[in-house]
Amino acid sequence: MNFRALRDIGIAVCFLLLLLLIALKVNADAGQALTGGLRAVDGDSLARGDERLRLMGIDAPELDQTCRRGPEIWRCGEAAKRALAELMAPPGAVCKGSRRDKYRRLLVTCQQGGRDLNRIMVETGYAVAFGAYEQEEASARARHMGLWSGEFQRPGDWRRAHKATMADEAPHLTSFIGRLLGLD
């Protein structure tokens, strides 16, 4: 066998190994589906027992965060938590995720009766886009919904200003390649 033939066989073996690794990764990322016993911790986090979940692609005000509507100061962080709790209240919500963030929370998208609850949180103005749902944020802003009805600090900016422990959290980018390779 000459060098060229050995090289071609080596490349073919490497390619097959790469395909195998991708297949294993896709299978491992099939995800978890959680139902029942989910409670809102804040406007973008849920808990079930010791398990913590983070709604993927959105960022909601922190519980202690306040916002302004004209002269009124309102507790927008608590309002976001109430909005999520109301969405999760009817039985049948299903949250699916396959990746964890750097805080080991499962990143999930939640559905209730075929409706994307992450999307609804942004559409109603109780959360902002965080790697997804940019069109829904623009719509909420144009309609002056929720946070957009007055002045507020984006949650990440608020966390940095108040030295919150998760101030450096990165947006939940949802690209296919990133998910496939576990990079986002």
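Author: One term to start with. A salt bridge here is a side-chain nitrogen of Lys or Arg within 4 Å of a carboxyl oxygen of Asp or Glu. Also, this is a predicted model.

Reader: Fine. How many salt bridges does a search of the whole structure find?

Author: The search finds 13. One of them joins the side chains of Asp-44 and Arg-54, at 3.4 Å from N to O.

Reader: Where do Asp-44 and Arg-54 sit?

Author: They link distant parts of the chain, 10 residues apart. Asp-44 is in the loop between strand S2 (39–42) and strand S3 (45–48). Arg-54 is in strand S4, residues 51–55.

Reader: Is Asp-44 buried or exposed? And what about Arg-54?

Author: Buried means under 20% relative accessible area. Asp-44 has 3% relative accessibility, so it counts as buried. Arg-54 has 1%, so Arg-54 counts as buried too.

Reader: Which residues are linked with them in a network of salt bridges?

Author: Asp-59, Glu-62 and Arg-159 join Asp-44 and Arg-54 in that network.

Reader: What about Arg-105 and Asp-101, buried or exposed?

Author: Both are buried. Their side chains meet in a salt bridge, 2.5 Å from N to O.

Reader: Switching to helices. How many helices and strands are there?

Author: The protein has six helices and 11 strands.

Reader: Take H4. Which of its residues are buried?

Author: Helix H4 covers residues 134–142, and its buried residues are Glu-136, Glu-137 and Ala-140. They cover an arc of only 100° around the axis, so they are on the same side of H4. Gln-135 and Ala-142, on the other side, are exposed.

Reader: Why would residues three or four places apart point the same way?

Author: An α-helix has 3.6 residues a turn, so residues at that spacing point the same way.

Reader: What do the buried residues of H4 pack against?

Author: They pack against helix H3 (117–123) and strand S11 (128–129).

Reader: Which side chain meets Glu-137 in a salt bridge?

Author: That of Arg-141, at 2.7 Å from N to O. Both residues lie in H4, four residues apart, about one turn of the helix. Glu-137 is buried, with a relative accessible area of 7%. Arg-141 is partly exposed, at 37%.

Reader: What follows H4?

Author: His-144 follows, and its phi is positive, near 55°.

Reader: Now H2. How many residues does H2 have, and how far does it reach?

Author: H2 runs over residues 76–88, which is 13 residues. From first C-alpha to last, H2 reaches 18 Å, close to the 18 Å expected at 1.5 Å a residue. Its buried residues include Ala-79, Ala-80, Ala-83, Leu-84 and Leu-87.

Reader: Zoom out. What share of the protein is buried?

Author: Buried residues make up 38% of the 184 residues. The protein exposes about 10,600 Å², and carbon and sulfur atoms supply 59% of that.

Reader: And the contacts between residues at least 6 apart in sequence: what share join residues at least 24 apart?

Author: 54% of those contacts do.

Reader: Last topic, confidence. What does the pLDDT average?

Author: The average is 85, and 78% of the residues score at least 70. Over residues 175–184 the pLDDT is below 50. That stretch has 17 contacts in the model beyond near neighbours in sequence.

Reader: How should I read coordinates where pLDDT is low?

Author: Where pLDDT is low, predicted coordinates should not be read in detail.

Key. Residues are numbered from 1 along each chain as its sequence is written. This is a predicted model: local features need pLDDT of at least 70, side-chain atom pairs count only at pLDDT 80 or more; totals for chains, interfaces and linings use all residues. Side-chain values use heavy atoms; hydrogens and water are left out. Buried means under 20% relative accessible area, exposed over 50%, partly exposed in between (1.4 Å probe, protein chains only). Helices (H or I, at least four residues) and strands (E, at least two) are DSSP runs, numbered from the N terminus. The arc is that of the directions from the helix axis to the C-beta atoms. Contact means heavy atoms within 4.5 Å. Accessible areas come from the Shrake-Rupley method with a 1.4 Å probe; for residues, only the protein chains shown count as cover. pLDDT is the predictor's confidence in each residue, from 0 to 100. The expected span of a helix is 1.5 Å times one less than its number of residues.
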